[in-house]
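Here is a short report for a first look at this structure. Please view the sequence and the model, then read on.

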Amino acid sequence: MSEQTSAGPPRSGAPEPQPHVSVLAVGGVVFAVCVMAISGSFHAIAGLSGILSDNFYQSQNDYPFDFDPNVRGWVQMITGIVILAAAFNLFSGRTWARAVAIVVMGFSALENFFFTPYFPFWSAIIIGLDVLVIWSLVMYGHREAHKVYGAPM
């Protein structure tokens, strides 16, 4: 019998191992997108309320970060729109979308920190959700994006 030789690597018969996809990581991204969509909507609505009504945000005595209500409304509305855009781009599986979402949620947490004297309980909830979203997005890796969405390696 004659032997067949090939220039390629030897075949062992076993298929290539697929990258392990953590259910927690993929579920974390779905959680992050949902929370970002809700948070972005709330930011946009609160910003629109601040723009339309000058009495929506009451002045706080001796608060160094007490801005004009109209300016605060515009900042919140723009932040909400950017959060919504980042949330919808996360499902593309691209690394840039994840990086933008992490940065945007960091700004959201910072904005809500400055918003604390106006609505303390609401701000604390949003800051906590922002931190959870950032954690979820940091735990989600490039391999999972490739496996789940077929994103380019």
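## The nonpolar surface patch

Helix α1 is the main contributor to the nonpolar patch, giving three residues. The patch consists of I38, F42, I45, F119 and W122. Its area is about 470 Å². This is a predicted model.

One member, W122, sits in helix α4. Is W122 buried, exposed or partly exposed? W122 has a relative accessible area of 35%. Buried would need under 20%, and exposed over 50%. W122 therefore counts as partly exposed.

## The overall fold

The chain has five helices and zero strands. Read from the N terminus, the order is α-α-α-α-α.

## The nonpolar core

Nonpolar side chains tend to be buried together in soluble globular proteins. Here, the largest nonpolar core holds 15 residues. M36, L90, A101, V133 and L137 have the most contacts inside this core. At least two core residues come from each of α1 (23–52), α2 (69–89), α3 (95–114) and α4 (120–139). The largest share is that of α1, with five residues.

Which residues does A101 touch, apart from its neighbours within four places in sequence? They are M36, A86, L90 and L137.

The chain has 153 residues, and 34% of them count as buried. The chain exposes about 9700 Å². Carbon and sulfur atoms supply 68% of that area.

Definitions and conventions
Residues numbered from 1 in each chain as written. Predicted model: local features only at pLDDT ≥ 70, side-chain atom pairs only at ≥ 80, totals over all residues. Heavy atoms only, no water. Core = buried A, V, L, I, M, F, W, Y, C linked by side-chain atoms within 4.5 Å. Buried < 20%, exposed > 50% of the residue type's maximum accessible area, 1.4 Å probe, protein only. Helix = DSSP H or I, 4+ residues; strand = E, 2+ residues; numbered from the N terminus. Contact = heavy atoms within 4.5 Å. Areas by Shrake-Rupley, 256 points an atom, 1.4 Å probe, with all protein chains shown as cover. Patch = residues over 30% accessible without salt bridge, like charges linked within 9 Å, V, L, I, M, F, W, Y side chains within 5 Å. Salt bridge = Lys/Arg side-chain N within 4 Å of Asp/Glu carboxyl O.
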